[in-house]
Amino acid sequence: MRPPRPRTTTAAGVLAQATAVVLLAALGFLGTGTGPAAAADGDGSWEVTTASNDFGSDRQNYDHTIDPGGQLKDGLVVVNHGTTPLHLAVYAADGFTDKGGRLDLVTKDAKSTRVGAWVHADRPDVTVQPGKSVEVPFTITLPDDAAPGEYMGGIVTSPIQAGEADGTEVNQRLGIRIRLRVGGELRPSLSVEDLHVRYSGTPNPFGKGDATVTYTIHNTGNAILTARQEASISGPFGSLDVRAGQIKDSSSLLPGDTWKVSVPVHGVTPALRLTGKVTLVPLITDASGSIAPLTAVETTTHAWTIPWALLLLLVVVLCGIVFAALTFRRRRQAKLGEDARVQTPRVAHEEK
C-alpha cells in the first residue's frame, strides 16, 4: 500500500504554498512499514526503497543486529519519477516518539548521538536524472562502548534547492527507518509511575460514582516495547472490584520514553478507602515481526473517598433521632410533672 500524499504547508514571506512535508512515510515501527516511500515536489517526484543485497530484497525497513565495535554496509535506492533532475541531500538521524505516539526523526541541524551518529552515507548528496534510480551505499559503524539494546533512527533524503540560498525554508524529508540492535544483554522493562486515583462522587447516597485512574508508563529497559494495559478499582480487602473498559495498547516506546495515560472507571462504590491497580504486559517484537508477551508488571495506589451524600443523610437521620428523643423526654417530664401536681392536693386533704 502506497503511503498517503504529503500535506502542504506555508513558508512565511516566500511562497503561497511551500514544499510538502513527507516525514518518513516508510518509517513504520517494528517492521510495519508500508513499502516504498514516495513524495512529490513541483515537477519532481521521488521515492526511496531499500537496496537489494545479501540482506534481502523488497524489505520494508532496515533491521540489523551489530556487536559493539562492529560494522556493516547497506544501501538506499532513490528513484526520480519527475521530469527534471533531482538533487537530494542524504543523511541519517536519531529517532524519537512524538506526543501523538508516532515515530519522528530529529532535524538535520539537530545533533544525533546514536543511529544518526553511527550511520554514514557514502555521499552527502545525490543527483538523480528523470526516470532513473541511484543507489546510495551507507555504512553502520558502532563504537566499542555502544550500550546493548535497541535503537531507532532513519536514513533521510531531502531536496537541495536554489531557494535555500535566498531564505526559502525547504521542509520536505523522505526516508526509511533503521531499527538497530546492539549485541549484548537485552533487558526489557516497563514501570508504572505517578499512579493516582481521583473519585468524582455521586449525589445519590446509595449510588455509585465514577473515578479516573492516571499514570505514566516508563520504558526503563533497553528494548523497544508496547504496553498492554489493565486498570481496576476495588474497596477494602479487594471487595467491590470494578474494572475499567478495554484500554488500547500504548504506542511503541523507545528506551527511556514515557507515555501518560488517563482511564475512566465507572460504577465505583465510595468505600472510604479505594485501591487502584494498573497491570502492564510488555510486548516485544522480534526482527521477524512476531510479538511475545513478557512478565506482567503490577502497581497499586490508595485513595480515601468520603461518601458525603451518605454521611449527610446519616447526619440528618441522627439529628432526627436526637430531636425525637429530646422531644419524647420533654413530653415525658412534662407529663410526670403534671401527674405530680394533680396528686399533691389530694395528699394534703387526707392529712387534715
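User: What should I know before I start?

Analyst: The model is predicted: local features need pLDDT of at least 70, side-chain atom pairs count only at pLDDT 80 or more, and totals for chains, interfaces and linings use all residues. Residues are numbered from 1 along each chain as its sequence is written, and side-chain values use heavy atoms, with hydrogens and water left out.

User: What is the order of the strands in the open sheet of three?

Analyst: Helices (H or I, at least four residues) and strands (E, at least two) are DSSP runs, numbered from the N terminus. Two strands pair if DSSP finds at least two bridges between them. In this sheet the order is β12-β13-β16, and the pairing is antiparallel. β12 (190–201) and β16 (258–268) are the edge strands, each pairing on one side only. From one strand to the next the twist averages 20 degrees; axes are lines fitted to C-alpha atoms, for helices over the stretch in contact, and angles run from 0 to 180 degrees between N-to-C directions.

User: How many bridges join β13 to β16?

Analyst: Nine bridges join β13 (residues 209–219) to β16.

User: Which strands pair with β17?

Analyst: β14 (residues 225–234) pairs with β17 over ten bridges, in the antiparallel sense. There, S234 has T275 of β17 as its bridge partner. β18 (residues 291–293) is joined to β17 by three antiparallel bridges, with A292 in β18 as the bridge partner of I284. Five residues lie between the strands in the hairpin of β17 and β18, where G289 takes a positive phi near 95 degrees.

User: How many residues of β17 are buried?

Analyst: Buried means under 20% relative accessible area, exposed over 50%, and partly exposed in between (1.4 Å probe, protein chains only). Ten of the 13 residues of β17 (residues 273–285) are buried, so this strand is largely enclosed by the rest of the structure.

User: Is H64 buried or exposed?

Analyst: H64 has a relative accessible area of 4% and is buried. H64 lies in strand β3 (residues 62–66). Contact means heavy atoms within 4.5 Å. Leaving aside neighbours within four places in sequence, the contacts of H64 include F55, L72, I140 and R179.

User: How many salt bridges are there?

Analyst: A salt bridge is a side-chain nitrogen of Lys or Arg within 4 Å of a carboxyl oxygen of Asp or Glu. By this rule the count is seven. One of them joins E150 and R179 at 2.6 Å, N to O. E150 is in β10 (residues 149–159) and R179 in β11 (residues 174–182), 29 residues apart, and the pair links distant parts of the chain. Both E150 and R179 are buried. In another, the closest N and O atoms of R228 and D249 are 3.0 Å apart. R228 is partly exposed at 43% relative accessibility, and D249 is partly exposed at 28%.

User: Which residues form the nonpolar patch on the surface?

Analyst: Patches are made of residues with over 30% relative accessible area and no salt bridge: like charges are joined within 9 Å, nonpolar side chains (Val, Leu, Ile, Met, Phe, Trp, Tyr) within 5 Å. Accessible areas come from the Shrake-Rupley method with a 1.4 Å probe; for residues, only the protein chains shown count as cover. Here the patch consists of L318, V322 and L326, with about 270 Å² of accessible area together. L326 is found in helix α2 (residues 308–351) and counts as partly exposed at 43% relative accessibility.
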